[in-house]
Amino acid sequence: MGKDNASPFTTVLRGSAIVFFGFGFEMLISFGAKLLIARYLGKVDYGEVSLGITIMTLVTAFSLVGLNTGIGRYIPRFDSQVDRGSIVRSALEIALPLAVVSSIIIILFSDSIATVLFDNPQATALIWIFAIAIPLVVLFRLSIGIIQGQQRSVPKVVLGNICLPGTRFGLIALAVFIGLGTQAFAGAYFLSYLVVAVAAMYYIFTRVSIPSTNQYTPMRRELVSFSAPLMITATITVFLSNIDTLMVGYFSTTSAVGIYNVVFPLTVMITAFLTSFRFIVMPQISELHANVRTEDIRRVYALTNKWIMALSAPVLFVFLFFPAQVIEITFGAEYTAGAPALSILSLGFFTHAVAGPNGATLTSIGNTKAIMRINIVVGICNIILNLLLIPQYSFVGAAIATGTSYALMNLLYSWQLYQSTGISPISDHTGQIITIIASLFLAFIILRNIIFTSKISTLLLGVALLVIYVALLFSTVISEPEEQSFLKTVFEYVLP
C-alpha cells in the first residue's frame, strides 16, 4: 500500500478525532442544558421551549438555502483568495436578507402559531425571541460552512463545539439559579447565538479576504445553482428531525412534546461519530474527486464507514436494551414513558452508522439533485407516517415514523451512491463489524431471557459483552497501517 493511498484516510482520522472531542464536549454540554430545562420546567413548559427551538431550526434551514453546505464544497475547489472571498460575500448577500424576512414573518404570525401549535396564547413572547435569533443562527451556520471549506477543524471545534454550548449552558444555569421562566430559556438561546455569531464573523473577516467591489466576482448564480438542491435536502433533513415534534404538538399535548424531546437528544448520540467524520470527509472526498482519485475515495469511505459503525454500536446497545434506565438516570422518572420511543428511534438512527457518510459523499461528488429527489420522497413518506401514527400513538408513533424514514433515506442514499461510484456500505471492512455486532446482540438477548434474568445480572452481562466487543475490535478489526499508527499515537499521548 503506497503512501499516497494512506494519506487521505490518515487526514480523515486525525481531523475527525479533533472534531469528535469537540463534538463530544458540545453534546455533553447541550445535553446538560436540556436536562436542566427539562427537570426544572417539567414536561409542559419544556415542550413549549422545544417547539420554539424547532421553529427556529426549521426556518433557519430554509433561510440558509443550503449555502452552508455549498460553501463547504465550493471553497476547496478554488486556490485564489479573491475567488474564495467572492464565494463568502455572495453567500452572505443571499442568506442574510432571507433570514431577516423569515424572522419578520414568524413575528407577524406569532399569535396564530401560539394558539395552533402551543395551545397557549401567552407563548407569543417566547416565539418572538426565537424568531429574532434566526439571522444570528444563519450567520453562525454560514461561518461553520466556510471553516469546513477551509478544512480547519480547530476553529469549528472552538466556535461550534465549545463556545456555543458553553455559553448557552451558562445562561441556562443562571436562569435556573435565579428561578426564571420559559422566556429566559429562549433568551439563553438568543444570547448564545449572538456571542458565537459575532465571534465567527470576526474570525471569518480576519481570515478570509473579502474582495472590494472592483475585485468582487459575484457567484450568487453558481452558489444557488449548486445549493438549491441542498436547500431542499437540508430543509427535509431538518423536517425529519423536527416535523414530528410539531405534529406531536398539534395532535397531542405539550407534555407529549416534552417527553419526545428528552428521547431525541439521547438518540442523536448515536450519530456523534458520523457527524465527526462527516465534517472532515466531505471536503476531503471533494478534493479527491476533483483530482479523479476514485480508488482513494472508495478506500476512505470503506474505512470511515467501518469506524463509524464500530464506535456507534455500543451506544445503540445501551439505548436498545436499557432505555428506561437511561431516561430515569438522566431526565428523571417523569419522562420514562418515552422508553419505547428511545429504543425505536435508536434503531432508525443506527442506519446512519451502517450506511456511513453516504449523503456527504454524494454531495462531495456533486450529486446533489439525486439527494434532493431522495429527500423529497423521504419527506413525503415521513409526513404521511406521522399523520397516520401520531394521532393514535402520540410520541411513539412519531418515533416509528422518523426511524422508518431515516432507514428509507439511508437505503436510497446508499443505492444512489452505489449506482454513481460502485461504493457499498457492505464491504470486507464492515462485514466483520456487522458479524460481531449481530453475534453479541443475539447472545445478550438469549442469555438475558434464559440465565441473566435479574436487573443486576443483566447489567453485568451487558458490561461483559461490551468488554468482549472492544477486545474483538482491537484483535481483529483494526488492521490497516493508518489505523494502527493513529491508535499508537493516541496511546502514546494518553499514556506517555
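Me: How much space lies in the second largest pocket?
Reply: Keep in mind that this is a predicted model. For the second largest pocket, the computed space comes to about 240 Å³.

Me: Which element gives the largest share of the lining of that second largest pocket?
Reply: The lining has 15 residues, and among those nearest the pocket's centre are Phe322, Lys455 and Leu459. Two elements give two or more residues to the lining: helix H13 (294-321) and helix H19 (455-477). The largest share, seven residues, comes from H19.

Me: Which element gives the most to the largest nonpolar core?
Reply: That core has 129 residues, and Phe118, Leu142 and Tyr193 have the most contacts inside it. Take Leu142: leaving aside neighbours within four places in sequence, its contacts include Leu64, Ile71 and Ala95. As for elements, the one giving the most to this core, with 12 residues, is H13.

Me: Which element of the chain has the lowest mean pLDDT?
Reply: The chain as a whole has a mean pLDDT of 80, and helix H6 (residues 124-132) has the highest mean among the elements, 94. Over residues 489-496, though, pLDDT is below 50. The element with the lowest mean, 50, is helix H20 (residues 481-494).

Conventions. Residues are numbered from 1 along each chain as its sequence is written. This is a predicted model: local features need pLDDT of at least 70, side-chain atom pairs count only at pLDDT 80 or more; totals for chains, interfaces and linings use all residues. Side-chain values use heavy atoms; hydrogens and water are left out. On a 1 Å grid over the protein atoms alone, a cavity is a set of points where a 1.4 Å probe fits but cannot get out, and a pocket is an open set with protein on both sides within 12 Å along at least five of seven lines; lining residues have an atom within 4 Å of a point. Grid points are joined across faces, edges and corners, and a volume is the space filled by probe spheres set on the points. Helices (H or I, at least four residues) and strands (E, at least two) are DSSP runs, numbered from the N terminus. pLDDT is the predictor's confidence in each residue, from 0 to 100. Contact means heavy atoms within 4.5 Å. A nonpolar core is a set of buried Ala, Val, Leu, Ile, Met, Phe, Trp, Tyr and Cys residues joined through side-chain atoms within 4.5 Å. Buried means under 20% relative accessible area, exposed over 50%, partly exposed in between (1.4 Å probe, protein chains only).
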